[in-house]
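Please read the following briefing alongside the sequence and the coordinates.

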Amino acid sequence: MSLIEIKVPDIGDFAEVTVIELMVKPGDTVKAEQSLITVESDKASMEIPCSHTGVVKELKIALGDKVKEGSVVLMLEVVETAGAATPDATPAAAIAAAPAIPAEKAQTATDSAVSAAVGPVEVRLPDIGDFKDVAVIEIMVKVGDSIQLEQSLMTVESDKAAMEIPSSAAGVLKELKIKVGDKVNIGDLIAILEGAAPTVAATPTASAAPAVTAPAAPVATTAAANPASATAPVAAVALAVPAHNPTTAPVGLPHASPSVRKFARELGVPLNEVRGSGLKGRITDADVQSFTRSVMSGAIQTIAAEAKTKSTGTSTSSDGGGLGLIPWPKLDFSKFGPVERKDLSRIKKISGANLLRNAILIPAVTNHDDCDITDLEAFRVSTNKENEKSGVKITMLAFLIKACVSALKKFPEFNSSLDGDALIYKQYYHIGFAADTPNGLMVPVIKDADKKGIMQISQEMGELAKKARDGKLSPAEMTGASFTISSLGGIGGRYFTPIINAPEVAIMGVCKSTMQPVWDGKAFQPRLMLPLSLTWDHRVIDGAGAARFNVYLGQILGDFRRVLL
């Protein structure tokens, strides 16, 4: 055994580059051409390979170090054999030093190397994000096919989008473990390949030459001794993977480490379409996973998928809504008269996308009812007079929030959310209320409304509404609602159909109360009636349940003492 220095080879016209990744550690066994470190210039990153096979004894560099051609990367302990070239030996010298090998032994050794390389390899479904039981909708290969590394094997589909699954190895397809219509999950066995892992390594040389260079002469010598045995060694050499060439800087590659690139290849993710969140826009594993989830959820499409969609004539852009609809009409409105163009506010852009999704994906139904709030309004007015000095004005919405909490407790499915084929019943009562602001609709949330009184709810509502108008609401103050109330009482109107705020399953719309004649059994009496519009998700709630909820809510508002029951 001997200890040699592994140095940075010629890396092109770069004075110094930064070490951004260490791919080995002391004690690791490395092979010739195996990547040791990743370095990065201001334009690209590249892997530095090992020129020999051996055991890493000592690393001479650390993350963040600056290196250049000739810098020592590590100390490697190599095994000296009669047929191995020394670090300073040329390929010709190595060939001259190699002893003659009997043809039979050469053939046996070669056959062993090839057989070790062509063992059966299992190909399994990679991580495709938070999706379970995705359906196989297309098989793209058949038994007997020669499969290339990262060749697409099949297409799977979630309820939002489809994705092709690439092969993690190369070889001949011996057995398919899935068929069209099957449901698959991460880690499921897809196929078995033969000859999937060619492992014939090149004889180490002093430079980073192509892997086929060193074995060429010994193979020729063996073939001369026994021509019949030449075929297998030549085939083995042909299977050898070309050495990494560090002199070719990967200009224009996505800003990501080799491990992230490998991870992206395993998932079939086009890295040039992924936006990095790391330092200087560097792409991380989390970015790749997020991109995969977005594709599978239908939130985004890859360029290839968009091209395929266009070729089939189906629009997935906002023009057709991704629903196979005819394109949205595009008109030059100025030819009909004067126009003014204003961009949507950021809030309207965000809420608009959410509202469109919710309106399309939720099978919503709305119940319209009137409830008598004559006595409650009289109590509210008198209470405000008594508490004028407190500075807190009680609104009807505060009573409505408290009444809705009681109704949610009696009908818990209205305080739930869908999670696949299950319902999540929430044990908390966070009520969102829609607030009209100069920039658009915002929904602050009253947390734990069941634990707060009317005065406290009114005060908190006032504070949150002011923050909303001033644009100072924090994300925490707008998340976590289990039920939402949209009130137009201060403006007017009779009834409307509010859109459910997913992942909630219901929303209450309230309009302006009006005096109406109500029959009491003997005569018509003037009563203050409040219009209610309850929109509910028909996947979770049925019509009878919605009717009972509204009736119960009306009873509470008609006699607020029921809140205590």
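In this predicted model, Ile4 stands opposite Leu76, a residue of strand 8.

**Strand 8 and its partners**
- Strand 8 covers residues 72–78 and is mostly covered, with 5 of its 7 residues buried.
- Strand 6, made up of residues 54–59, also pairs with strand 8 in the antiparallel sense, over 4 bridges, and within strand 8 it is Met75 that Glu58 stands opposite.

- An open sheet is formed by 4 strands in the order 9-16-14-11, with antiparallel pairing.
- At its edges lie strand 9 (121–124) and strand 11 (146–147), each of which pairs on one side only.
- Strand 11 is joined to strand 14 (residues 171–176) by 2 bridges in the antiparallel sense, and Ile147 stands opposite Gly171 of strand 14.

**The setting of Ser416**
- Ser416 belongs to strand 18, which comprises residues 416–419.
- Ser416 counts as buried because its relative accessible area is 0%, whereas the cut-off for that class is under 20%.
- A polar atom of the Ser416 side chain lies 2.6 Å from the backbone oxygen of Glu413.
- Leaving aside residues up to four places away in sequence, Ser416 touches Leu423, Ile424, Tyr425, Lys426, Pro503, Glu504, Val505 and Val540.

Definitions and conventions. Residues numbered from 1 in each chain as written. Predicted model: local features only at pLDDT ≥ 70, side-chain atom pairs only at ≥ 80, totals over all residues. Heavy atoms only, no water. Buried < 20%, exposed > 50% of the residue type's maximum accessible area, 1.4 Å probe, protein only. Polar contact = N/O pair within 3.5 Å; in protein donor to acceptor, adjacent residues only side chain to side chain. Contact = heavy atoms within 4.5 Å. Pairing = 2+ DSSP bridges.
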